[in-house]
Amino acid sequence: MMTTSVQLIPLLIVAAMFALFILGGLGSKIRQASDYGFAGSYSSRMGSGAAIASNWMSAASILGLAGLFYLKGYYAMAFVIGWTGGYILLLVLLATQIRRFGKFTAPDFVGFRYESEAARTVAALISIMISMIYCVAQFRGVALLVSWLFGISYQAAVITGTALVVTFVVISGTLGVVRNQRLQYFVLIVAFILPLMFLTKKLGYFWVVPQFGYGQAIIDLQTQFGFFWSEPFASISLFKWLALCFTLMFGTAGLPHVLSRFYMAPSIRDARWGVVWGLFFIALIYWSAPAYGVLARLYDARAGLAFRQPDPMTADLVTLSAALQGGVPVWVVGLLVAGGMAAAFYAVSGLLQNGAAAFAYDIYPRLFRPTATDSDKLVMAKGFFLVLAAGVLLLSFKPMGMIAEIAAVAFALAGNTIFPAFLLGIWWSRTNAAGVLAGMLSGVLISFSAPLFGGMLPLVETLFPLTSSAFLGAPLVVLVMIVVSLVTRPPSSKVVAFLAHDVHDVGER
Amino acid sequence: MSDDNTDRGINIFKPQAGLMRGEVRVIVLVMSAWLLAVVGSQLAIWFLEDSLSGFWLTELFFFNLPIHFWLTGQFLPLWFILLGVVFNLWMDRHESRRMDGTIRLRTTGRRKEEQQP
């Protein structure tokens, strides 16, 4: 996959697309950017669904998923189910209530619900950790694409990519560019599905709906090359599959930047229907992602490498290599790269701004400078943005795993900490500050128990694998929260009354 | 789980009368359908893989895809969307029914100024 020269046409298309987004954002008359950097307009439920989907899309969806399909086959389906099924958890258990709660960020929610500055600070620190881990996954995607575009080494591409992301955020911020998420989603879906149509058409498969058409490639792999996808749980057990799947679901319902979406919907009904539209738009991408992995296997087989064990380093670029091997026109390749870059760029800028806001608004004024004014906080947010970017840059130099796997660690952390804090915070009024603090801290410990204690206790590694710890971890954290809450003082009657009247709409007024 | 607040506090396992009781019932239904589909489909695939040395997963095609790819990769996300639509339709009706009887001021949530602590 390494190239040594600059890929001129794809590079131009990438540049043109970013110019389109920036200019489009400048022309937009709708300005709703909040202090926390969640910008976007909602004029319809479908539009808000597209915004949810484009807010969700990242390098993990566009590149990581296909890479994992190519490498591990059916195992990667756990991501498809985890990242779609999680939205049902969100919709059914949290969306309505979060909208009624009326708090803008996860630390805000935790601080208000549990009436504890300590809990708010811990939630902010955890949000920053989640942002950073998720960003490391995105940086890997950016670096791989930049490395291909410019024909430079991975390490050089990490630095170049970071510089590009920071420049992009600074330019967008200075010019006051509003993020047009519906336009972005539209570009992304075209960039992802069009190459697939070209590929399946060229192979003579059913190309109109390539989400089904790629099945022919599985049949061809079986009949012509003796390569089978028919042993889903042979190398990776059913337990591991379910653990990963449920971890991703709990994480989806616990990711701070996903939860933040609901505070801004104009009404409760819009919030709910937005989620369902969002789920549909997300599913459009995930119905298609396996196709890239399968087609890449077919091209390998045709090149006489049917049973080659792929290199995890290149597997993450399999979306791109499939398009190149399949001989799609160069402008379509450019579009695909641009789609991947856009997804990763917007994910990174959103996550870093989220992390910086958590520091500047939740930690800095409380722990460092209680007298900080709004403009102090804004300066801190900008400064901490750069600190975070530098931190992620350092973590990204040494490839730690595949994009989807690194992202899964962030989901596991969110599923073990923020998800239980929201779930019990909304559905059990007896949960108190001591409970949520004990819960979140044990959640952090569980998330990293495999690397911390796995050496001494192999059982820990089996039960709480780094990428899949929330399957058993989240219920355990819920248990900790219940037990600790019951043995300590109940929360104030003010919060209980707020939950009953304002969030659940029961009881006397 | 007994405490002073139980009779007026919020507990998903002891929903209060009115809007919340109906809501919890539909939540339980949707969550069951969600859990059953995810775990059930994987158990079924696991069983198919084990029986007749994987014959079904190599020979059984549905919509051009091997049955396990179709079931997990195509059907389950669709099932989630359907569950979401059913839940939303039910909630919309449920809330309108309630609104007919009482004057409700807070249906669109509180105003932005009030959201800051």
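Biologist: Which helices each supply at least two residues of the lining of the second largest pocket?
Modeller: In this predicted model, chain A supplies α4 (77-101), α11 (238-252), α19 (418-427) and α23 (470-487), and chain B supplies α1 (19-50). Helices here are DSSP runs of H or I with at least four residues, strands are E runs of at least two, and both are numbered from the N terminus. A pocket is an open set of points on a 1 Å grid over the protein atoms alone, where a 1.4 Å probe fits, with protein on both sides within 12 Å along at least five of seven lines; lining residues have an atom within 4 Å of a point.

Biologist: Which element gives the largest share of that lining?
Modeller: That's α1(B), with seven residues.

Biologist: What's the volume of the pocket, and which residues come closest to its centre?
Modeller: The second largest pocket has a volume of about 690 Å³, counted as the space filled by probe spheres set on the points, which are joined across faces, edges and corners. It has 25 lining residues, and Leu93(A), Leu423(A), Val478(A), Ile12(B) and Phe13(B) are the closest to its centre.

Biologist: How many of the lining residues are nonpolar, polar or charged?
Modeller: The lining of the second largest pocket has 23 nonpolar residues, two polar ones and no charged ones. Nonpolar covers Ala, Val, Leu, Ile, Met, Phe, Trp, Tyr, Cys and Pro; charged is Asp, Glu, Lys and Arg; the others, Gly among them, are polar.

Biologist: Before we go on, how do you count things?
Modeller: Residues are numbered from 1 along each chain as its sequence is written, and chains are lettered from A and ligands numbered from 1 in the order in which they are written. For this predicted model, local features need pLDDT of at least 70 and side-chain atom pairs 80 or more, totals for chains, interfaces and linings use all residues, and side-chain values use heavy atoms, without hydrogens or water.

Biologist: Which elements does each chain have?
Modeller: Chain A comes to 24 helices and zero strands. Chain B has four helices and two strands, running α-α-β-β-α-α from the N terminus.

Biologist: What share of each chain is buried?
Modeller: For chain A, 66% of the 509 residues; for chain B, 44% of the 117 residues. Buried means under 20% relative accessible area with a 1.4 Å probe and protein chains only, exposed means over 50%, and partly exposed is in between.

Biologist: How many residues does each chain bring to the contact between them?
Modeller: Chain A brings 76 residues and chain B brings 66. Contact means heavy atoms within 4.5 Å.

Biologist: Switching topic, where does Leu149(A) sit, and is it buried or exposed?
Modeller: Leu149(A) lies in helix α6 of chain A and is buried, with a relative accessible area of 0%. Its contacts, beyond four places in sequence, include Ser5(A), Pro10(A), Val337(A) and Met341(A). Ser5(A) is 144 residues away from Leu149(A) along the chain, yet their C-alpha atoms are separated by 8.0 Å.

Biologist: And what about the phi of Glu115(A)?
Modeller: Glu115(A) has a positive phi of about 50° although it is not a glycine. Most residues other than glycine have a negative phi.

Biologist: Where is Glu115(A), and how exposed is it?
Modeller: Glu115(A) lies in the loop between α5 (106-114) and α6 of chain A. At 42% relative accessibility, Glu115(A) counts as partly exposed.
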